[in-house]
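The chains are shown first.

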Amino acid sequence: MTVLHWATISPFLLAILIPFLYKYARPIHTGWFVLVLPLVLFIYFIRFLPVTSDGGVIEYSVPWVPSLGINFTVYLDGLSLLFALLISGIGTLVVLYSIYYLSKKTEQLNNFYVYLLMFMGAMFGVVLSDNLIVLYVFWELTSLASSLLISYWFHREKSTYGAQKSMLITVFGGLSMLGGFSLLYVMTGTFSIREIIASVDLVTTSTLFLPAMLLILLGAFTKSAQFPFHIWLPDAMEAPTPVSAYLHSATMVKAGIYLVARLTPVFGGSAEWFWILTIVGITTLCWGSISAVRQKDLKSILAFSTISQLGLIMCLLGLGSASLYYGFETETALFFTTATLAAVFHLINHATFKGSLFMTAGIIDHETGTRDIRKLGGLMTIMPITFTISLIGLASMAGLPPFNGFLSKEMFFTGLLRASELTIFNMPTWGILLIVLAWVASVFTFVYCMVMFFKTFTGKFKPENYDVHVHEAPIGMLISPIVLGSLVVIFGLFPNLLAYTLIEPAMAAILPNLLAENQVFHVDIYHWHGFNTELFMTLGVVLIGTFIFLMMKKWSKMAIYLKERDPLNWFYDHSLSGLISGSQFVTRIQMTGLLRDYFVYMCVFMILLFGYTMYRYNAFAIDTVNVTGIDPFMWVITIMFIASTLVIPFINHRITAIIVVGVIGFLLALLFVVFRAPDLALTQLLVETVTVVLFMLAFYHLPELRKESFKPRFNIVNLLISIAVGGLVTVIALSSAALGNEANFESIAEYFIQNSKELAGGYNMVNVILVDFRGLDTLLEVLVLGIAALGVVALIKLRMTGREDV
Amino acid sequence: MKKQIKSNDVMLHTLTRVVTFIILAFSVYLFFAGHNNPGGGFIGGLMTASALLLMYLGFDVKSMKKALPFNYTSMIAIGLLIAIATGVSSMLFGYPFLTQFFEYYQLPILGETELTTALPFDLGVYLVVVGIALTIILTIAEDDA
């Protein structure tokens, strides 16, 4: 265990201590204890920047289950470090914010911080581990922690609904991802991402390539709220705002992005990967931005905005993966890496501005008591600091200069335009559609940013809309959004601060093997790049967006605007209730509670199974060679036997049925006599006698009221099943006799015949077998009889006296 | 309320007295003959049980209890113990469980006789069978709930 290992799991260790800190240090807000950890980790991870920016990687391994190739390997390169810094950095700010957001008097802080730390540790595990199984374990822990945090106010119905939904969707994806990982293991024989990338040829040539890719992408898409799995994210907004800011904008939803980026070297370069990522990304982008416009709740707008921005990043990763197609034609390949650059850059930008926006939304909620944009308005002068931060965040999200969102949006357009020049993957045909869709989505992004801004901060302040006295938030609550807002401005004004420290190493991790020795990606982000297509597209976005916003009075009357909930929820809700009613339906058919139905199932199953097996292996065989002449005496007995058996179903009186059963028993004894089995015949006679006595006793004890002679109901299905079972057993018996003769096995009977006298000193071979050769069987049968007798005694003598509970 | 007239089953009683001994003797014969002729512990036990059942039918349960003060439930346990003990005893001499032995002895009166450990084993079986048959039938018959 190295320091890096300890750093990864340190949140879990602290989480163990939290309940004690909460209990024994009540006067101090528990958050202060928590705050130290992400801060220390942030500083710790910052120290690795020089290592990764020089292209170095750090790898330590601790065996966990070495026999299965599962090792806790921490691996730090540009991409992991970027995520680790996001998690610890934004983690610090979120914890600080939560200290002021959650009251120590009314909230269960121990739960909150345990869950939050659990989540943080799991997230570190996801981004730092090199082993796919370890990654999966941490991945599911993030799902679990996320659900716990969403249902933090578990007494609210909406919270538990949201938690269940996010759990079901992300765990569904997680499990299919596990399937994908297993397929990768099947292909390469290792769980280590490094080694899989090293033996990527095995993957690309395998027939399992596509299934593995689809399964893993399912995991990434559900986690990162991609279309159509995005529906859990808006419902996750029931969580406390610090949680939304941390999990549902900056970190957890980017786990899928991380996974896609991490596995780009494995799957990238194929047309499927390119198209799936691009199409899903662009669909999510458009769907999210158009849905966000319809929302009335600040956090819902932000949720759909997050969905849309994640779609953007996903789309960019897809576009960037095209460069891997060109492989070592470095010149061509590098031309298309702009998309990857934009993805990484936007990843950072989105974390900064979306974090700050969630925090300001939380402040507005906290200080006014509502998040509904129809009630809010005129907060500009009352909450000036919140207003300023929101303005910066929204402008950046809308893609306005001089903030960082503008830069990443320009690069998004650049990436798209360059990708449309690709001559592979049918791009010449479909590329233009991508550009149009992206542009439309940008327009809507601009619109919802304007809606959010103008509805909240401008207009007339109406004090009657609020239950509380509205005022600016305390300074402690404002620190975190101020820091994030400043980062938005700093990264906007000096984007190249990040260029070779974070972005270039991350790109090198996403697109390895593309660079020659000592070569680096050229990262140069600047605001002014002349009058080119991208600039005109942005101008168009602003103009059309403003136009749409100004016409809001008109279109906001349209029916679709009023439909707040995502229409895809219909499918989720209906499939969930359909699942329940469907399984109830099946259960009602199958579990009738009637023994006769279960018996029918068993018989039918037996018929099908045996019948199919005999058919499948062509096992029908009838052998007449060994059939010797049948004695007329046997004919008589057999006919009587069959006749009395056939009579039984038609007997209407129980007592007659008992007698006929006795007759069958005596006929059976007679058969034994004919077949020269005196012991069996004797036993059969005596047992039959005793059984009939017992039957009569049981008949005598039938309850008075229901003592009715009944006619067995005739049922054609039962008749058919009975005939089928009988026929099948007959056929099996005949076939096995015939096949047995064919196989010509030597019977063990010879041995008993020869050795009965010499070895056991008895001439009655049956008895010798019973007591000597196979005495254990007899011993246990006698035991069975004893148990049956005790059972009868217990059933009859130890009757319950009514009120006793079982 | 009618007074129940107690019937006097002279024929049944007399016949039972005679027949029972014959059946019992036959059952003992079956039991001992088992090793070389049809019969054995199971059949002998069932035969004894039917003899006893006949006595229960002929006479009432109360006087039967006086005449045959057996506890049939413990008879099952004793039978099982005997059967297991014969099995275990072979282990004491280092043979596998339930190894049976036999030897011919010259006994007074009987002449050359074969003695085998299968016999106590069969005795266990015999006791269990008698015990269970009577336990079950008497328990059900006595039940008046």
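The questions and answers below concern a predicted model.

Q: Why are helix α4 (residues 78–101) of chain A and helix α21 (residues 475–493) of chain A called roughly antiparallel?
A: Their axes cross at roughly 155 degrees and come within 7 Å. Angles over 145 degrees count as roughly antiparallel, and the two helices are therefore described in that way. The crossing of α4(A) past α21(A) is left-handed.

Q: Which residues make the contact of α4(A) with α21(A)?
A: From α4(A), the residues are A:I90, A:L93, A:L96, A:Y97, A:Y100 and A:Y101. From α21(A), A:G476, A:M477, A:I479, A:S480, A:P481, A:V483 and A:L484 take part. The contact residues comprise 11 nonpolar, two polar and no charged.

Q: Why is A:A225 called buried?
A: Buried means under 20% relative accessible area. A:A225 has a relative accessible area of 0% and is therefore buried. This residue, although not a glycine, has a positive phi of about 55 degrees, and it is placed in the loop between α10 and α11 of chain A.

Q: What makes the peptide bond between A:F227 and A:P228 a cis bond?
A: Its omega is about 0 degrees. A:P228 lies in the loop between α10 (209–223) and α11 (232–235) of chain A.

Q: Why does B:L98 count as buried?
A: The cut-off for buried is under 20%; B:L98 has 7% relative accessibility and therefore counts as buried. B:L98 lies in the loop between α4 (72–92) and β1 (102–107) of chain B, and its phi is near 70 degrees, a positive value in a residue other than glycine.

Terms used
Residues numbered from 1 in each chain as written. Chains lettered and ligands numbered in written order. Predicted model: local features only at pLDDT ≥ 70, side-chain atom pairs only at ≥ 80, totals over all residues. Heavy atoms only, no water. Axes fitted to C-alpha atoms, helices over the stretch in contact; angles between N-to-C directions. Helix = DSSP H or I, 4+ residues; strand = E, 2+ residues; numbered from the N terminus. Parallel < 35°, antiparallel > 145°, perpendicular 65-115°, else oblique. Left-handed = near helix turned anticlockwise from the far one by under 90°. Contact = heavy atoms within 4.5 Å. Nonpolar A, V, L, I, M, F, W, Y, C, P; charged D, E, K, R; others polar. Buried < 20%, exposed > 50% of the residue type's maximum accessible area, 1.4 Å probe, protein only.
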